[in-house]
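Q: Before we look at particular features, could you walk me through how to read a model of this kind?

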Amino acid sequence: DIRAFSSCASPETDERTPACAYSREKEHYHKKHISIIVKIMFAMRMMRSNAAPTTTTHNQNKTHNFHPKRLTAFKGIRRQRRCRVPLVAMSIPQQGGNAQPLKRQPIEAREAIRMGIPSKGRMAEDTQGLLKSCQLSVRKLNPRQYAAEIPNVPGMEVWFQRATDVVRKLLTGDVDIGIVGYDMLREIGNEDEDLVIVHDALGFGGCHLAVAVPQAWENVNSLSQLKSDPRFSKERPLRVVTAYVNVATQFFKDQGMENVVISTADGALEAAPAMGAADCILDLVSSGTTLRENNLKEIEGGRVLDSQGCLVASREALLKRPGVLEIVHEMLERLEAHLRADGVFMVTANVRGSSAESVAEKICGGGSLLRGLQGPTVSPIYTPQSDGAVKEGQFYAVSIGVPKTRIYETVKSLRRMGGSGVLVFPMTYVFDEEPPRWTSLLTQLGLKSEDFNHLARGEAPVAR
């Protein structure tokens, strides 16, 4: 009671009154119980930090319900008396090392072919956008469902999963094909031999994994300077916080940095150095804006890996599950044709000449820009005459595939050669005779390309 404490001493005599004795006893009583409460809460928090995650029951919750008066007293403790619980690095299940290997489902466990794609975020939007551009639109009847289909690829199920779970389910055999970022593939897959990268550059989700240190470290601008920093030793190691424990461990090992302690966090890693929870971070960087706004900087030599969306498949499914290899071939052809055409425009002009060969020689002599993908396409133009007849040989149509950034340069070059009536239009697909990545995939699987020539022609396989 404030009034009781204020009347404990007399200003005139400075003598203690009986009320003061009662107040001292009451204050001692409160301090004693507050000390007990602090010790109990400290012990309980340490136990929860070190113990494995368990399900909390209703009875367990009751043990945390302190008496309201005690809670009020606890809140009144001065800041310097509050106990500080040390930061505990929580471990997460990882593939490789001493981690328990994931149990793989046998091929015979199911017949359906499954593909896993990200369910949320920018990766999910970009994945579905790319598939739609390749005429592989994903159809989901109910937005709350996680199962879907691609009508143009009959017989294949599509499952929406977290990016990390796409990789895990590839390892366990629950899905056969997946689209995921390369960063997650490296971290969760940990270079597992069963994971085969079918396409490593889908053109979205571009970023890189890098080491970032506080901007206040003016003398640390490279990885070699960080390695030789005298502030860090065996007794005081460099503390790195990251969500990519496997990748970070391998990276620092390859760099010969031994005095490093790696801890994990789910998000907001940029705040860790300012909070004193870590010395630096290892995280994904896109534009670098977030690093700068949190007073962090990348260092030279600290770029760990580059990442973007990639198409991955299970080696066992490709070799043993019927139909998987055929579906992968179709998807790879569509993706390759669309991605190769991205940013390429067709430029067509009418060029005067005596023959198709002479026009072709003139165009090819104008430099590599006018040669197109393999060379210019030259065809005769039939010019209508006044008597109603048509005449061949005065003009020839020249078609060239050029990058979008060099369209105007190409138009000017064609005009110098007598070109007119120039038309420019975008290209949607550029199909090769066979995608180079398909040939590379067959080589990885130890298969002969001639055994799969029927796929490019759309024919039934030949019995052998």
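A: Let us start with the naming of elements: helices (H or I, at least four residues) and strands (E, at least two) are DSSP runs, numbered from the N terminus. This is a predicted model, in which local features need pLDDT of at least 70 and side-chain atom pairs count only at pLDDT 80 or more, while totals for chains, interfaces and linings use all residues. Residues are numbered from 1 along each chain as its sequence is written, and side-chain values use heavy atoms, with hydrogens and water left out.

Q: In which loop is G418 found, and what does G418 touch?
A: G418 is found in the loop that joins α15 (407-416) to β15 (419-426). Contact means heavy atoms within 4.5 Å, and by that criterion G418 touches N350, V351 and R352, leaving aside residues up to four places away in sequence. The C-alpha atoms of G418 and A349 are 9.3 Å apart in space, although the two residues are 69 apart in sequence.

Q: Is G418 buried or exposed, or does it fall in between?
A: Buried means under 20% relative accessible area, exposed over 50%, and partly exposed in between (1.4 Å probe, protein chains only). G418 has 41% relative accessibility and therefore counts as partly exposed.

Q: Which residue other than glycine has a phi near 60°, and where is its place?
A: Q135 has this positive phi, near 60°, and its place is in the loop between α5 and β2 (147-149); with a relative accessible area of 45%, Q135 is partly exposed. A268, also not a glycine, has a positive phi of about 55°; A268 lies in the loop between β8 and α10 (272-275) and, at 62% relative accessibility, counts as exposed.

Q: What is the strand order of the open sheet of 5 strands?
A: Two strands pair if DSSP finds at least two bridges between them, and here the order is β8-β7-β9-β6-β10, with mixed pairing. Because β8 (260-264) and β10 (296-307) each have a single partner strand, they stand at the edges, and one side of each is left without a neighbour in the sheet. Strand β7 (residues 238-242) pairs with β8 in the parallel sense over 5 bridges, and T242 stands opposite T264 in β8.

Q: How is the packing of two helices described, and at what angle do α5 and α13 cross?
A: Two packed helices are described by the angle between their axes and the distance between the axes. Axes are lines fitted to C-alpha atoms, for helices over the stretch in contact, and angles run from 0 to 180 degrees between N-to-C directions. The axes of α5 and α13 come within 9 Å and cross at roughly 90°. Angles under 35 degrees count as roughly parallel, over 145 as roughly antiparallel, 65 to 115 as roughly perpendicular and the rest as oblique, so α5 is roughly perpendicular to α13. The contact involves L130, L131 and S133 of α5, together with M331, L335, H338 and L339 of α13.

Q: Which residues of the largest nonpolar core touch the most other members?
A: A nonpolar core is a set of buried Ala, Val, Leu, Ile, Met, Phe, Trp, Tyr and Cys residues joined through side-chain atoms within 4.5 Å. In the largest one, with 37 residues, M115, M156 and L318 touch the most other members. Helix α13 gives the most to this core, with 7 residues. A second, separate core of 21 residues includes W217, V247, F251 and V260.
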